[in-house]
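Please look over the structure below before reading the notes. They cover ring pairs, charged side chains and the overall fold.

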Amino acid sequence: MFLVVLIFSYVLISGFNLYKVFSSNDTIYSNVYLGEFDLSGYNFDRVDSKIDFYKEFILDKNVKIECNGKEYNFTFEELGLEVDTENIINNIKIYQNDLSYSKKIRAVNGDLEKEVFDYIFKINEESVKKFLNVLKLKTDQKMVSGYFKCYDGIGYVSGVDGFSLYCSITSISKSKVA
């Protein structure tokens, strides 16, 4: 009798866990992160709005560019990068689908280790062209020849090399930047 109760309990618990796994196929499992943001428990139909909420923070990260001895800071958004929400969600779905049933049960119960997904970006061609034009305006420098000065004593003033950023872009590859 004890063996029957034990087997019945095992089947009941296993069935309950499998039910939880199958009923959570449209939900992101516990301990799934996009960068530092927890996406656990969000429905796949609504997670894009959660990622949209974080886009401003993600795209506000700075990139430092050094050119001609000067530093320029630009945000990801100014560089023409956009968060590729669709590919991020697809990567999470692939990860969850590839888990074994035992790992899915652990994930549903919150016992699986933290899984962090990287941001995926796509390039907005018009924004990149605009960025390059802004960078060109900031970095271009006309050449100045050296000369002798005659005020405040005689001396030589060194010239400055000219610099011009070449920004002719016909098209940008549509490949993803991760």
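Phe-57 is partly exposed in this predicted model, with a relative accessible area of 44%. Buried here means under 20% relative accessible area, exposed means over 50%, and partly exposed is in between (1.4 Å probe, protein chains only). The model is predicted, so local features need pLDDT of at least 70, side-chain atom pairs count only at pLDDT 80 or more, and totals for chains, interfaces and linings use all residues. Residues are numbered from 1 along each chain as its sequence is written, and side-chain values use heavy atoms, with hydrogens and water left out.

**Aromatic rings**

- The structure holds seven aromatic pairs; rings of Phe, Tyr and Trp (its six-membered ring) pair if their centres lie within 6.5 Å, and planes under 30 degrees apart count as stacked, over 60 as edge-to-face and the rest as tilted.
- One of the pairs joins Phe-37 and Phe-57, whose ring centres are 5.3 Å apart with planes at 85°, so this pair is edge-to-face.
- Phe-37 lies in strand E2 (residues 37–38) and Phe-57 in helix H2, so the pair ties together parts that are 20 residues apart in sequence.
- Phe-37 is buried, at a relative accessible area of 12%.
- The rings of Tyr-119 and Phe-121 have centres 6.2 Å apart and planes at 50°, so they make a tilted pair.
- Tyr-119 is buried with a relative accessible area of 13%, and Phe-121 is buried at 6%.
- Phe-37, Phe-53, Tyr-54 and Phe-57 are linked by ring pairs into a cluster.

**Salt bridges**

- Side chains of opposite charge can pair when their charged atoms come close.
- Three salt bridges are found in the whole structure; the term means a side-chain nitrogen of Lys or Arg within 4 Å of a carboxyl oxygen of Asp or Glu.
- Lys-55 bridges to Asp-52, with the closest N and O atoms 2.9 Å apart.
- Both Lys-55 and Asp-52 lie in helix H2, three residues apart, about one turn of the helix.
- Lys-55 is partly exposed at 24% relative accessible area, and Asp-52 is partly exposed at 41%.
- Lys-64 and Glu-71 meet in a salt bridge of 3.7 Å, N to O; Lys-64 is partly exposed, at 49%.
- Lys-129 forms a salt bridge with Glu-125, the closest N and O atoms being 3.7 Å apart.
- Lys-129 and Glu-125 are four residues apart in helix H5 (residues 125–139), so about one helical turn separates them.
- Lys-129 is partly exposed at 25%, whereas Glu-125 is buried at 18%.

**Surface charge**

- Glu-56, Asp-60, Glu-77 and Glu-78 form a negative surface patch; patch residues have over 30% relative accessible area and no salt bridge, and like charges are joined within 9 Å.
- Glu-56 is placed in helix H2 (residues 47–59) and is exposed, with a relative accessible area of 68%.

**Backbone and overall fold**

- The protein has five helices and nine strands; helices (H or I, at least four residues) and strands (E, at least two) are DSSP runs, numbered from the N terminus.
- From the N terminus on, the order of elements is α-β-β-α-β-β-β-α-α-β-β-α-β-β.
- Of the 178 residues, 28% count as buried.
- Asn-31 is found in the loop between helix H1 (2–23) and strand E1 (32–34).
- The phi angle of Asn-31 is near 65°, a positive value in a residue other than glycine.
- Asn-31 is partly exposed, at 23% relative accessible area.

Note on methods
Patches are made of residues with over 30% relative accessible area and no salt bridge: like charges are joined within 9 Å, nonpolar side chains (Val, Leu, Ile, Met, Phe, Trp, Tyr) within 5 Å. Accessible areas come from the Shrake-Rupley method with a 1.4 Å probe; for residues, only the protein chains shown count as cover. Lys and Arg count as positive and Asp and Glu as negative; His and the chain ends are not counted. The place of a charge is taken as NZ of Lys, CZ of Arg, CG of Asp or CD of Glu.
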